[in-house]
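Student: I should like to take a close look at one part of this structure, the helices towards the end of the chain and what surrounds them. Could you guide me through it in a connected way?

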Amino acid sequence: MSKETKANNSSRAMNNTYGASLEANTLAMLDSTGAKDNRDANEDRLQYLEAVRAASLVPETGIPPTNKMYQAMFRILRFGRRLELVAASFHLLTQLHQRYPWVYIPDGKHELEIVDEAWSPFNFGSDVDSGEKDISVRSLLFQELIQNMSKGVDESEESDLKILGNMFLFKYLVHVLKLDFIPRNQVFEETMNWSLLKESSLNLLLASRRVNFKLLMKDCLSTMCSPFDADGNSISLVELHKGMLSAMKELLVMIIELDASKKKADSEGITNRGDGVRTPALEIIVDELTYDEYLLSNFLKVFDDPKWKLEIVIQYLTKYIPKPSVRTRRSNTPQADDLKTLNGILKTFSNGTNAKNITKKIGPAVVQILIGHGFLAQLAISNTNEGDSMTEICNSVIAAFTNLRKIEIIPFGKEVLFTAEMVLKAKA
């Protein structure tokens, strides 16, 4: 046994000893609280949270909380009846997970470290509820939580705590999914070890038979695009709503990236029937946006991941671009590979007939929204690895709008044209 292994084992044993002592001392503060909702009980809960913070976060070498301590903190987050308690438990839990990750990539290494028997707010062992005392989150509850995100924001003052509590809970759960998924996906891309992602909390969550994946995606879109009256709500609710939308976008991006990684694994033949088959998230999103101009416009405004926004625009427009004929010369028509890039698609609009036909199918406003957001996403990425310089793309955008001259250019379209012209001037 190496010195490093001995040191790690010794440190782990010492932490276990200190952890057991810390657990006994801190949980004793909650012994008399039960489900009580009075001043003394809530004070005891706040003192418990402060004691955990003092032992685990404040010292340079803190003591990691035990699973029972995490469970007690999560219980406060889920069932707390005071906003101060819910907020305090949320912030403490997120800080603890950052300080003591259960899945991580050690410095200088290209492998994943996973802490055995680490606590998780999720429970994927069974889709059958084990009773009211079980506070862990199951797949069905997570989907119901998302469904509730788009409801009740403008309800009576009595439900404010429930609304805020659901938002805090959702933000926390997405935070946990993200800390688990990102290092796994990073190592998967380097090693093509599918089992790392197969065992991720996100994949286990979506693989549940109790989750209607298509409905889940629809609920995410609906929540992200639902109107919210900032003027009619408190500052705390407005800020938390922004945080909830940010978490919803993070969840959506993770799901899309999981699908992309699974597609890679499928192409390598390293998946099996047990991994299941579902419609990719991007395909569902494009289908939902196709027949709803309001949803399309609002979604592209709030969804700010340029890589996947660009892919959504490309997939959307590709559905309406004439497919190249086998008998047509390659030099005179866009080929399938050309339609995988924004510039390739924009070149289709250089043909007046194509531009007219596409606009007739999907509407002049939608065409401008798609071209505009696709261009802005490409500009944000600033990736010319495809061989398309930004100068060429800007010229293609201007040419596309020129071929749309017979229709009214919406304000957003004018902004996009102005941006393209400014980029060209800057590069001149």
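Tutor: The expected span of a helix is 1.5 Å times one less than its number of residues. Please keep in mind that the model is predicted.

Let us begin with H10. This helix has 33 residues, and the distance from its first C-alpha to its last is 49 Å, close to the 48 Å expected at 1.5 Å a residue. After H10 comes Gly-269, which has a positive phi near 70 degrees. Thr-271 then lies in the loop between H10 and H11. Leaving aside residues up to four places away in sequence, Thr-271 touches Trp-194, Ala-265 and Asp-266. Trp-194 is 77 residues from Thr-271 along the chain, yet their C-alpha atoms are separated by 7.3 Å.

The same reasoning about length applies to H13, which covers residues 306-318. Its 13 residues should span 18 Å at 1.5 Å a residue, and because its end C-alpha atoms are 18 Å apart, the expectation and the model agree. Within H13, the buried residues are Trp-308, Lys-309, Leu-310, Ile-312, Val-313, Ile-314, Tyr-316 and Leu-317.

Two packed helices are described by the angle between their axes and the distance between the axes. The axes of H16 and H17 (residues 390-402) come within 11 Å and cross at roughly 170 degrees. Angles over 145 degrees count as roughly antiparallel, and therefore H16 is roughly antiparallel to H17. On the side of H16, the contact is made by Gln-368, Ile-371, Phe-375, Gln-378 and Leu-379. On the side of H17, Met-390, Ile-393, Cys-394, Val-397, Ala-400 and Phe-401 take part. These contact residues divide into 9 nonpolar, 2 polar and no charged.

The structure holds 0 disulfides.

For comparison, consider some residues elsewhere in the chain. Gln-143 is found in H5, residues 139-149, and counts as buried because its relative accessibility is 4%. Beyond residues up to four places away in sequence, Gln-143 touches Arg-210, Val-211, Asn-212, Leu-215, Leu-216 and Asp-219.

Two loop residues complete the account. Glu-117 lies in the loop between E2 (113-114) and H5. Although Glu-117 is not a glycine, its phi is positive, at about 55 degrees. Glu-117 counts as exposed, since its relative accessibility is 74%. Met-192 is found in the loop between H6 (160-191) and H7 (194-198). Its phi is near 55 degrees, again a positive value in a residue other than glycine. Met-192 is partly exposed, with a relative accessible area of 28%.

How values were computed
Residues numbered from 1 in each chain as written. Predicted model: local features only at pLDDT ≥ 70, side-chain atom pairs only at ≥ 80, totals over all residues. Heavy atoms only, no water. Helix = DSSP H or I, 4+ residues; strand = E, 2+ residues; numbered from the N terminus. Buried < 20%, exposed > 50% of the residue type's maximum accessible area, 1.4 Å probe, protein only. Axes fitted to C-alpha atoms, helices over the stretch in contact; angles between N-to-C directions. Parallel < 35°, antiparallel > 145°, perpendicular 65-115°, else oblique. Contact = heavy atoms within 4.5 Å. Nonpolar A, V, L, I, M, F, W, Y, C, P; charged D, E, K, R; others polar. Disulfide = S-S within 2.5 Å.
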